Amino acid sequence: MSEILVVDDDANTREALAGSLKKIGHQVFLAGAGAEALELVRQQPVELAIIDLKLPDMEGTDLFEAMRIIRPYTIAIMISARATVDEAVSALKLGIYDFITKDFRMQEIRKVVNKALETQQLLQENQKLRQALQERLASGRIIGRSQAFLKIIHQVNKIAPLRSTVLLTGESGVGKELIAEAIHYGSPRRDKPLVKVNCGALPEGLIESELFGHEKGAFTGAHQQRKGRFELADGGTIFLDEVAEMPLSTQVKLLRVLQEGEFERVGGARTLKVDVRLVAATNQNLEDMVAAGVFRKDLFYRLNVIHLEVPPLRARDEDIPLLAQHFLDKFCLENERPPMGFSPEALKALKNYLWPGNVRELENVVERAVALCTGSTVGLDDLPDEVRQQSQTEDHIVVQVGASMEEIERLAIRQTLKKTGGDKEVAARILGIGLATLYRRLKEMEHKETPVLETPTAEI
């Protein structure tokens with residue numbers, strides 16, 4: 001049973017929704033206006049709110065933002081008799097779970113409510129994980145509430161207690177190292193070492209010694225015995241970043257450690273055994289590298305036991321304001337500056353930018369803004385040219401007279417995907433088509449002269 005708030009100035013709609021939701025076991029609170037709803041939220045542990053877009057005393061979106069201050073993890077569904085596409089997009093961008101017109105069927109509402117409550121549960125899991133991580137990691141750097149982010153956190157919660165090897169993939173800068181930390185600190189190995197190795201930063205001649213150690217005299221300059229990273233990680237977790245950069249000769253020895261848990265130091269004859277959980281990461285396609293003969297197929301299978309694709313920042317644009325404010329607070333503190341905020345124009349520009357460098361690029365942009373900003377608010381002029389220019393692109397579609405319906409459809413899909421940051425589920429809802437239909441249209445468009453510009457999304 002969940003606590004659900006229905007906010008609508010129409011008594012018939014309120015009562016109909018309440019009756020339907022009570023039948024499936026939920027406790028329902030009713031409000032006819034925004035102020036009344038906020039009072040209920042202060043008093044009751046509301047998990048889900050169904051809000052009319054137009055209320056007598058405020059906009060439904062304003063009510064939602066006020067509710068989130070009181071109860072940050074409350075999920076909301078917006079309903080409206082007459083809503084424009086722009087209003088629907090704005091609501092979804094604010095974090096509204098779904099937007100439904102008032103000609104809905106009760107079966108549809110129940111289905112959306114059930115899915116929204118599942119998301120609310122993920123939010124609670126995210127909060128628990130954040131609290132656990134903050135005990136271990138003072139920075140508390142794992143931040144987000146978007147669907148793509150919550151999916152990855154849900155997967156982390158499931159796999160962290162296991163012993164299985166994990167392969168993290170995703171673009172550079174998405175936060176794969178932070179996910180590896182979350183897996184380690186959420187596991188029974190949390191009190192043992194977490195050892196990190198950047199395989200791409202180590203010369204080919206030294207990587208084997210770094211991983212497995214060496215004996216005195218094993219090579220020129222080996223003046224004493226040295227333990228490798230696997231020995232240092234015994235009982236804990238080893239994180240191999242940029243694992244695709246590992247030379248083939250070292251891949252063989254890594255495979256043996258994964259299969260047998262044993263190895264020899266460079267120049268040594270004694271076999272050592274370790275109990276280590278491996279988390280590996282790469283921004284490259286290992287299957288393509290296997291096909292090209294530069295990565296071992298058997299090692300790929302051993303690494304790919306549990307595969308998590310970490311989503312790019314453009315697929316989780318709802319998290320951008322949270323991350324930007326986190327970095328702003330961080331750099332203000334480091335530079336002994338008073339707390340700062342973002343202007344609406346600057347925040348809009350940050351959300352519209354596609355972030356090819358992902359979270360790492362966002363952090364750098366905010367650090368630069370703190371250095372350049374002379375006031376208490378980061379404005380549009382404090383952001384780099386590329387961020388400002390992208391924010392100035394038109395937010396509507398221009399169609400030439402005489403364009404075919406096929407061309408218009410292709411343009412609408414492309415621009416809507418761009419507007420939603422590549423989120424196909426949101427794009428499908430805005431376009432008023434099913435998700436399967438959108439995928440079919442995209443596949444058809446791939447074979448045309450002008451392919452659709454898509455943004456990759458996470459498959460988790």
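Visitor: What makes α13 oblique to α15?
Guide: In this predicted model, helix α13 (residues 320-334) and helix α15 (residues 358-372) pack at an angle of about 45°, with their axes 9 Å apart. Axes here are lines fitted to C-alpha atoms, for helices over the stretch in contact, and angles run from 0 to 180 degrees between N-to-C directions. Angles under 35 degrees count as roughly parallel, over 145 as roughly antiparallel, 65 to 115 as roughly perpendicular and the rest as oblique. About 45° belongs to the rest, so α13 is oblique to α15.

Visitor: Which residues make that contact?
Guide: With contact meaning heavy atoms within 4.5 Å, α13 brings I320, L323, A324, F327, L328, K330 and F331, and α15 brings V359, L362, E363, V366, E367 and V370. By class, 10 are nonpolar, none polar and three charged. Ala, Val, Leu, Ile, Met, Phe, Trp, Tyr, Cys and Pro count as nonpolar, Asp, Glu, Lys and Arg as charged, and the others, Gly among them, as polar.

Visitor: Why is one side of β7 and of β14 left without a neighbour in the sheet?
Guide: The open sheet has five strands in the order β7-β10-β13-β6-β14, with parallel pairing. β7 (194-198) and β14 (306-309) stand at the edges and each has a single partner strand, so one side of each has no neighbour in the sheet. The twist averages 15° from one strand to the next.

Visitor: How do you know that β7 is joined to β10?
Guide: Two strands pair if DSSP finds at least two bridges between them. Five bridges join β7 to strand β10 (residues 237-241), so the two strands meet that definition. One of the residues involved is V197, whose bridge partner in β10 is L240.

Visitor: Why does E210 count as buried?
Guide: Buried means under 20% relative accessible area, exposed over 50%, partly exposed in between (1.4 Å probe, protein chains only). E210 has 15% relative accessibility, so E210 counts as buried. E210 lies in helix α8 (residues 204-212), whose buried residues are I207, E208, S209, E210, L211 and F212. Leaving aside its neighbours within four places in sequence, E210 is in contact with L202, R226, G228 and R229.

Visitor: What should I keep in mind about these values?
Guide: Residues are numbered from 1 along each chain as its sequence is written, and side-chain values use heavy atoms, with hydrogens and water left out. Local features need pLDDT of at least 70, side-chain atom pairs count only at pLDDT 80 or more, and totals for chains, interfaces and linings use all residues.

Notes
Helices (H or I, at least four residues) and strands (E, at least two) are DSSP runs, numbered from the N terminus.
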